[in-house]
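This report walks through a few local features of one protein chain. Keep the sequence and the model side by side while reading.

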Amino acid sequence: MTRKTILITGCSSGIGHAAAHGLGARGWRVFATCRQQKDVDRLRLEGLECLRLDYADHDSMTAAVGEIFNRTGGRLDALFNNGAFGLPGAVEDLPTDGLRAIFEVYLFGWHELVLLVIQMVRAQGAVRIVQCSSVLGLVPMKWRGAYVATKYALEGLTDVLRLEMADTGIRVILIEPGPVTSRIRVNSIPHFERWIDWRASPRAAQYEASLLKRLYEDRGRDPFELPPEAVVQKLLRALESPNPRPRYYVTTATHIMSALRRLLPTRALDAIIQRG
């Protein structure tokens with residue numbers, strides 16, 4: 001029987017890396033993608049079928065999708081949109097160009113890839129599009145305005161896509177992890193240093209007391225943190241269930257925040273989030 005095929009983005013580390021290996025072990029034919037060629041080369045040495053794909057590079061997306069369809073004879077069973085970078089900092093210190101940059105990659109880039117895939121698989125039959133969102137697509141957190149904004153937008157866009165695809169064979173699903181072991185903190189440092197002039201901020205003392213320590217110091221695991229394999233377990237349910245849920249929560253924090261968002265008035269929820 002022909003193996004099912006999946007395109008996974010952001011596979012250099014964390015969730016994407018675990019998903020590529022986990023689904024391969026499950027019997028899927030995995031097309032893992034990375035933004036940088038050095039990571040593509042490394043994953044090929046790990047035995048993965050890996051291609052370069054950069055959300056900020058239209059040509060790399062079209063080339064990767066085209067190559068996958070050439071290799072599979074025109075079939076793709078699933079897309080797992082994954083991978084993100086953070087741009088931490090207070091909203092009042094966030095330049096609009098910085099916000100535009102993160103949206104360009106992690107909303108518009110994701111959207112463009114989804115459209116490329118849909119154009120090729122729409123007549124195929126059963127296809128799954130899984131979007132990796134976040135608990136920060138459900139509730140806000142201080143210092144995370146840019147990331148929260150992209151995830152809120154992703155949630156809304158994906159919800160509408162799910163409704164619109166209901167009359168097709170394309171199923172659209174969100175996964176919402178909370179704290180998961182990854183390199184997002186380290187990978188966000190260059191973006192913070194590029195865009196946030198924290199020393200000139202009226203909140204400079206707050207940066208020194210809180211965000212800088214969290215950003216530059218390895219403080220160990222966060223409360224409720226799970227390994228990326230916990231996300232892979234939910235991804236498998238989203239891909240293999242005959243009737244997948246619209247959303248899958250990962251980590252206790254996500255379950256708690258989802259419940260509190262439904263049950264509490266905004267001021268009460270704000271008070272809880274403010275306490276961290």
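A salt bridge here is a side-chain nitrogen of Lys or Arg within 4 Å of a carboxyl oxygen of Asp or Glu. Aspartate 159 sits in helix α5 and arginine 247 in strand β7 (residues 247-250), so the pair ties together parts that are 88 residues apart in sequence. The model is predicted.

## Salt bridges

Side chains of opposite charge can pair when their charged atoms come close. The structure holds 15 salt bridges. Aspartate 159 takes part in another one, with arginine 162, at 2.7 Å from N to O. Both residues belong to helix α5 (residues 145-164). They are three residues apart, and therefore separated by about one helical turn.

Salt bridges link Glu155, Asp159, Arg162, Glu176 and Arg247. How exposed are its arginines? Arginine 162 is partly exposed, with a relative accessible area of 22%. Arginine 247 also counts as partly exposed, at 23% relative accessibility.

## Aspartate 57

Aspartate 57 lies in the loop between β3 and α3 (58-72). Its side chain meets that of arginine 52 in a salt bridge, 3.4 Å from N to O. Aspartate 57 counts as partly exposed because its relative accessibility is 24%. Arginine 52 is partly exposed too, at 33%.

Where does arginine 35 stand relative to aspartate 57? In sequence, the two are 22 residues apart. In space, their C-alpha atoms are 9.3 Å apart.

## Helix α2: two faces

Helix α2 covers residues 37-45. Which of its residues are buried? They are Asp39, Val40 and Leu43. Seen down the axis of α2, the buried residues fall within an arc of 105°, so they line one face of the helix. That buried set packs against α1 (14-26), β2 (29-34) and β3 (49-52).

The face turned away from the buried side carries Lys38 and Leu45, both exposed. After α2 comes glycine 47. The phi of glycine 47 is positive, near 95°.

## Helices α6 and α7

Two packed helices are described by the angle between their axes and the distance between the axes. For helix α6 (residues 184-195) and helix α7 (residues 204-216), the axes come within 9 Å and cross at roughly 130°. That makes α6 oblique to α7.

Which residues meet? From α6 come Arg185, Ser188, Ile189, Phe192 and Glu193. From α7 come Tyr207, Leu211, Leu212, Arg214, Leu215 and Tyr216. By type, the contact residues divide into seven nonpolar, one polar and three charged.

Tryptophan 143 is not a glycine, yet its phi is positive, near 75°. Tryptophan 143 lies in the loop between β5 (127-132) and α5. Is this residue buried or exposed? Tryptophan 143 is buried, with a relative accessible area of 16%; the cut-off for buried is under 20%.

Threonine 251 also has a positive phi, of about 85°, although it is not a glycine. The loop that holds threonine 251 runs between β7 and α9 (252-263). Threonine 251 is buried, at 5% relative accessible area.

Conventions: Residues are numbered from 1 along each chain as its sequence is written. This is a predicted model: local features need pLDDT of at least 70, side-chain atom pairs count only at pLDDT 80 or more; totals for chains, interfaces and linings use all residues. Side-chain values use heavy atoms; hydrogens and water are left out. Buried means under 20% relative accessible area, exposed over 50%, partly exposed in between (1.4 Å probe, protein chains only). Helices (H or I, at least four residues) and strands (E, at least two) are DSSP runs, numbered from the N terminus. The arc is that of the directions from the helix axis to the C-beta atoms. Contact means heavy atoms within 4.5 Å. Axes are lines fitted to C-alpha atoms, for helices over the stretch in contact, and angles run from 0 to 180 degrees between N-to-C directions. Angles under 35 degrees count as roughly parallel, over 145 as roughly antiparallel, 65 to 115 as roughly perpendicular and the rest as oblique. Ala, Val, Leu, Ile, Met, Phe, Trp, Tyr, Cys and Pro count as nonpolar, Asp, Glu, Lys and Arg as charged, and the others, Gly among them, as polar.
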